[in-house]
Amino acid sequence: MLSILNSALRVSIITWLLCGLMYPFLVNGLGQALFPAQANGSLIITPAGKPLGSHLIGQQWNGAQWFHGRPSATLMTDPSDATKTIAAPYSANNSSGSNLGPASKTLSDRITADRQALESAHPELRNRLLPADMLTTSASGLDPDISPDNAFLQAPWVAKSRGIPVSQIEDLIQSHIQPPIMDIFGEQRINVLELNIALEKRAKEK
């Protein structure tokens, strides 16, 4: 009996040392040595050392002077009632989609309401076919990218808000289009945070 317990204890200790200490330290060490930016969250840092956000996590942008990301369905606990949840777009500590299927009335009502709000603010979009990412959420709720079509549709609003010619905004968009990964996986995309940083930099240089 004691020999069995000793064997089990030795195996447990060895497994704990290998999997609980050596492996995490090795992976973390290699990450910090070979890919420090990615290992620390792919953060975008200002020259003053202030983090503006991550390349990998979308943000909520308010105001016509910014490009907006796709809708987010992430939630958080209601501060006034712990048994309920409330909408919290781009909540990085609660990545999730809505899990609503194409036949869901809740999803249909939400998209219809968002479309009506968009058309009310921008009548030129009425009855137009819109890019899917303009009204639908991503599976994670944290998608940092939008399609080029989405960005080009927003260009006139951003240009008008900032008093910049649309052509210059479109040139900025064009310069931020990223190709599919390895030119195979996914589609062309634009990182909203990077685009807005470039937009603000251009405005300060004007």
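**Note on the predicted model**

1. Helix H1, residues 2-34, counts 33 residues and covers 46 Å from its first C-alpha to its last, close to the 48 Å expected at 1.5 Å a residue; the expected span of a helix is taken as 1.5 Å times one less than its number of residues. Helices (H or I, at least four residues) and strands (E, at least two) are DSSP runs, numbered from the N terminus. H1 bends by about 35° at Met 22, and a proline, Pro 24, follows within four residues; the bend at a residue is the angle between axes fitted to the seven residues ending there and the seven starting there.

2. On the basis of the model: it is predicted, with local features needing pLDDT of at least 70 and side-chain atom pairs counting only at pLDDT 80 or more, while totals for chains, interfaces and linings use all residues. Residues are numbered from 1 along each chain as its sequence is written, and side-chain values use heavy atoms, with hydrogens and water left out.

3. Strand E1 (residues 43-45) and strand E2 (residues 51-54) run antiparallel and are joined by three bridges, where two strands pair if DSSP finds at least two bridges between them. Leu 43 has Ser 54 in E2 as its bridge partner. The two strands form a hairpin with five residues between them, and Gly 49 in the turn has a positive phi of about 90°.

4. Strand E3 (residues 75-78) is likewise antiparallel to E4, through four bridges, and the pair forms a hairpin with two residues between the strands. Met 76 is paired with Ile 86 in E4. Strand E4 (residues 81-87) is hardly covered, since the count of buried residues among its seven residues is zero; buried means under 20% relative accessible area, exposed over 50%, and partly exposed in between (1.4 Å probe, protein chains only).

5. Trp 61 sits in the loop between E2 and E3, and it counts as buried because its relative accessible area is 15%. Not counting residues up to four places away in sequence, Trp 61 touches Trp 66, Phe 67, His 68, Gly 69, Val 192, Leu 193 and Asn 196, contact meaning heavy atoms within 4.5 Å. The C-alpha atoms of Trp 61 and Ser 175, which are 114 residues apart along the chain, are separated by 21 Å.

6. The largest nonpolar core has 20 residues, of which Phe 67, Ala 151, Ile 169, Ile 173, Ile 190, Leu 195 and Leu 199 touch the most other members; such a core is a set of buried Ala, Val, Leu, Ile, Met, Phe, Trp, Tyr and Cys residues joined through side-chain atoms within 4.5 Å. Helix H4 (148-162), helix H5 (166-175) and helix H6 (192-205) each supply at least two residues of this core, and H6 gives the most, with five residues. Apart from this core lies another, of seven residues, among them Leu 130, Met 134, Leu 135 and Leu 153.

7. What does Ala 151 contact, leaving aside its neighbours within four places in sequence? The residues are Phe 67, Ile 146, Ile 173 and Ile 190.

8. The end C-alpha atoms of H4 are 20 Å apart, which agrees with the 21 Å that its 15 residues should span at 1.5 Å a residue. A kink of about 35° lies at Ala 155 in H4, shortly before the proline Pro 156. The buried residues of H4, including Asn 150, Gln 154, Trp 157 and Arg 162, pack against H3, strand E5 (145-146), H5, E6 and H6. Just after H4, Gly 163 takes a positive phi of about 70°.

9. Ser 104, in the loop between E4 and helix H3 (105-121), counts as buried because its relative accessibility is 17%. Its side chain reaches the backbone nitrogen of Thr 106 at 3.3 Å and the backbone nitrogen of Leu 107 at 3.2 Å.

10. Glu 119 lies in helix H3 and, at 13% relative accessibility, counts as buried. Leaving aside neighbours within four places in sequence, Glu 119 is in contact with Leu 125, Arg 126 and Asn 127.

11. Gln 178, in the loop between H5 and strand E6 (190-191), counts as partly exposed because its relative accessibility is 23%. With neighbours within four places in sequence set aside, Gln 178 is in contact with Glu 187, Gln 188, Arg 189, Asn 191 and Glu 194.

Technical notes. Polar contact = N/O pair within 3.5 Å; in protein donor to acceptor, adjacent residues only side chain to side chain.
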